[in-house]
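Here is a short briefing on one structure. Please read it with the sequence and the model side by side.

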Amino acid sequence: MTTQIKFRFVGLLAFLFTVSNSFSQSSNVENLQLSLRNISYDKTYSSVLTNFHKHFSDAANVSWYHVKKDFGAKFTINDLRYRVLFNKKGKLVYKITYGKEKHLPVEIRKAVKREYVEFRITAASLVEEANRSVWVIHLEDDWEYVIVRVENNEIDENMKYKKQN
């Protein structure tokens with residue numbers, strides 16, 4: 001009987017030794033892969049930061065976030081708010097600038113005011129992506145809200161809402 005107990009005890013020790021070694025080897029591989037991912041991430045993030053500072057050196061209140069594999073940032077410069085997206089190579093994908101009526105180019109402001117005489121411009125955003133520039137302008141009067149987009153000096157009404165009194 002003591003031989004069976006010794007045999008089981010030795011078998012149990014061998015099993016525990018094998019299992020503990022397999023876990024430690026597995027975690028070393030996982031740690032190595034994690035380290036490799038961090039090096040790649042740091043290199044990517046570095047190129048994004050370099051290009052960000054090249055384009056927006058005066059940025060304040062910067063906060064970063066992920067959009068799938070890309071890097072987004074929200075920040076301000078003077079009295080304008082920005083939202084930008086960089087791909088993992090550091091290339092600027094798009095830029096959105098949030099402003100007010102005073103930030104609109106004069107020709108665009110005059111054209112919108114001509115078409116929407118009784119309306120106030122409450123917000124103006126410039127979306128720049130793939131060599132396109134589109135202004136999205138929010139207007140309001142006593143009865144309605146209107147959102148228009150202006151691209152290549154053409155005004156398109158996107159939405160119109162009646163106010164509830």
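**Turns, strands and a surface patch**

Asparagine 78 sits in the loop that links strand 2 (70-77) and strand 3 (80-86). Strands here are DSSP runs of E with at least two residues, numbered from the N terminus. The model is predicted: local features need pLDDT of at least 70, side-chain atom pairs count only at pLDDT 80 or more, and totals for chains, interfaces and linings use all residues. Residues are numbered from 1 along each chain as its sequence is written, and side-chain values use heavy atoms, with hydrogens and water left out.

**Asparagines with positive phi**

- Asparagine 78 has a phi near 55°, a positive value in a residue other than glycine.
- Asparagine 78 is exposed, at 76% relative accessibility. Buried means under 20% relative accessible area, exposed means over 50%, and partly exposed lies in between (1.4 Å probe, protein chains only).
- Asparagine 131 is placed in the loop between strand 5 and strand 6. Its phi is near 60°, again positive in a residue other than glycine.
- Asparagine 131 has a relative accessible area of 86%, so it counts as exposed.
- Asparagine 152 lies in the turn of the hairpin formed by strand 7 and strand 8, and its phi is positive, about 55°.

**Strand 7 and its partners**

- Strand 7 covers residues 144-151. Six of its eight residues are buried, which leaves the strand mostly covered.
- Strand 6 (residues 132-140) pairs with strand 7 in the antiparallel sense, over six bridges. Two strands count as paired if DSSP finds at least two bridges between them.
- Three residues separate strand 6 from strand 7 in their hairpin. Across this pair, histidine 138 faces isoleucine 147 of strand 7.
- Strand 8 (residues 154-162) runs antiparallel to strand 7, and eight bridges join the two. The hairpin of strand 7 and strand 8 has two residues between the strands.
- Glutamate 151 stands opposite glutamate 154 of strand 8.

**Two glutamates**

- Is glutamate 151 buried or exposed? Glutamate 151 is buried, because its relative accessibility is 16%.
- Glutamate 151 belongs to strand 7. Its side chain makes a polar contact of 2.8 Å with the side chain of arginine 132. A polar contact is a pair of N or O atoms within 3.5 Å; within protein, one must be able to donate a hydrogen and the other to accept it, and residues adjacent in sequence count only if both atoms are side-chain atoms.
- Leaving out residues up to four places away in sequence, glutamate 151 touches Arg132, Ser133 and Val134. Contact means heavy atoms within 4.5 Å.
- Glutamate 129 is in strand 5 (residues 120-129). At 41% relative accessibility, glutamate 129 is partly exposed.
- Glutamate 129 touches Val93 and Tyr94, with residues up to four places away in sequence not counted.
- The C-alpha atoms of glutamate 129 and isoleucine 96 are 8.7 Å apart, and the two residues are 33 residues apart along the chain.

**Nonpolar patch**

- Tyr145, Met159 and Tyr161 make a nonpolar surface patch of about 300 Å². Patches are made of residues with over 30% relative accessible area and no salt bridge; like charges are joined within 9 Å, and nonpolar side chains (Val, Leu, Ile, Met, Phe, Trp, Tyr) within 5 Å.
- A salt bridge is a side-chain nitrogen of Lys or Arg within 4 Å of a carboxyl oxygen of Asp or Glu. Accessible areas come from the Shrake-Rupley method with a 1.4 Å probe; for residues, only the protein chains shown count as cover.
- Tyrosine 145 is in strand 7. It is partly exposed, with a relative accessible area of 38%.

Definitions and conventions: Helix = DSSP H or I, 4+ residues; strand = E, 2+ residues; numbered from the N terminus.
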